[in-house]
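I opened this model to look up a few things. My notes follow the order in which I checked them.

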Amino acid sequence: MTELNNYIIREKLKKIAEVQERLSKRITKRPVRREDVKTVGAVDVSYRGNTAVSALVVCTFPKCEVLETRTVKTQVGFPYVPTYFFLRETRPVLLVVENANFDVLLVEGHGRAHPRGYGLASHIGLLIGKPVIGVAKKPLRGVSPELYRRVGKAYVSVGHLIDLTSAVEIVKILNDNGYPKPLKLADKLSKRCNR
C-alpha cells in the first residue's frame with residue numbers, strides 16, 4: 001500500500017511540475033523605475049505543526065517606515081516538499097495580502113531561480129498581478145546563477161512583473177545587515193504570533 005501511495009504522489013508531483021513549466025512561460029520581466037515605488041510589502045509564513053501564520057508588513061520606500069502589519073492564522077494540508085514549496089505557502093500568503101496596498105511585494109521564497117523557472121514568488125505574482133521579488137536564504141540546486149543575484153545574505157530573483165536589475169536595486173536599498181528589513185519584520189511578526 002505504501003508503495004502504491006508513493007507512486008500516486010510521484011505521479012501527482014510530475015503533473016504539477018508540468019504545470020509549473022507551463023506557467024513559467026507566463027512570467028513577465030520588465031523594469032520597475034525606483035521613483036515609481038512608494039511602498040513595499042513583505043510576507044513571511046511560520047509553522048507550528050499544520051498551523052501556519054502568515055505575516056505582512058507594508059513599509060514606505062526607500063525609508064522603510066512601517067505603514068501596516070497584519071497576520072492570518074490558517075491550517076495547511078500540504079507537507080514541505082523541496083521545489084514544490086508554493087503548494088504549501090500559496091494559501092497563507094494570499095490570505096494575508098488580500099486587498100493590501102503596496103507597489104512591490106517581497107516574498108520569502110524563489111521566483112524564476114527555480115529548477116522549473118516557477119517558484120513561490122512567481123506563483124504569487126501571477127495570482128495577484130503585481131510586481132513580486134523572490135528573496136531566499138540559499139539558492140536551489142540545479143539553477144543557473146544567471147537567474148539570481150546575491151545581495152548580502154539574500155538570494156534575489158524575479159517573481160513577476162519586474163526584472164532582475166530592478167529587483168536587486170530595491171533589495172539593496174532595503175538591506176539591513178544582510179537581509180531586507182521588511183522581510184525581517186514579517187519573519188519576527190509571524191513567529192511571535194505562532195507561539
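**Ground rules.** I am working with a predicted model, in which local features need pLDDT of at least 70 and side-chain atom pairs count only at pLDDT 80 or more, while totals for chains, interfaces and linings use all residues. Residues are numbered from 1 along each chain as its sequence is written, and side-chain values use heavy atoms, with hydrogens and water left out.

**Sheet.** I looked up the strand order first. I found an open sheet of 7 strands, ordered β3-β2-β1-β4-β5-β7-β6, with mixed pairing. The edge strands are β3 (66-75) and β6 (148-151), each pairing on one side only. From one strand to the next, the twist averages 25 degrees. I note the terms here: strands (E, at least two residues) and helices (H or I, at least four) are DSSP runs numbered from the N terminus, and two strands pair if DSSP finds at least two bridges between them.

I then followed one pairing. Strand β2 (residues 51-60) runs antiparallel to β3, over 9 bridges. Ser-54 has Val-72 of β3 as its bridge partner.

**Helix pair.** I turned to α2 (residues 85-97) and α3 (residues 120-128). Their axes come within 10 Å and cross at roughly 40 degrees. Axes are lines fitted to C-alpha atoms, for helices over the stretch in contact, and angles run from 0 to 180 degrees between N-to-C directions. I therefore class α2 and α3 as oblique (under 35 degrees is roughly parallel, over 145 roughly antiparallel, 65 to 115 roughly perpendicular, the rest oblique). The α2 and α3 crossing is right-handed (the near helix is turned clockwise from the far one by less than a right angle).

I listed the contact residues (heavy atoms within 4.5 Å). From α2 they include Phe-85, Phe-86 and Glu-89; from α3 they include Leu-120, His-123 and Ile-124. The contact divides into 9 nonpolar, 2 polar and 1 charged (Ala, Val, Leu, Ile, Met, Phe, Trp, Tyr, Cys and Pro are nonpolar; Asp, Glu, Lys and Arg charged; the others, Gly among them, polar).

**His-160.** I placed His-160 in strand β7 (residues 154-160). Is His-160 buried or exposed? His-160 counts as buried because its relative accessibility is 6% (buried is under 20% relative accessible area, exposed over 50%, partly exposed in between; 1.4 Å probe, protein chains only). Beyond four places in sequence, its contacts include Arg-26, Thr-28, Ser-122 and Lys-130.

**Asn-194.** Asn-194 sits in the segment after α5 (181-192). Asn-194 is buried, at 6% relative accessibility. Not counting residues up to four places away, Asn-194 touches Ser-46, Tyr-47, Arg-48, Thr-51 and Val-53.
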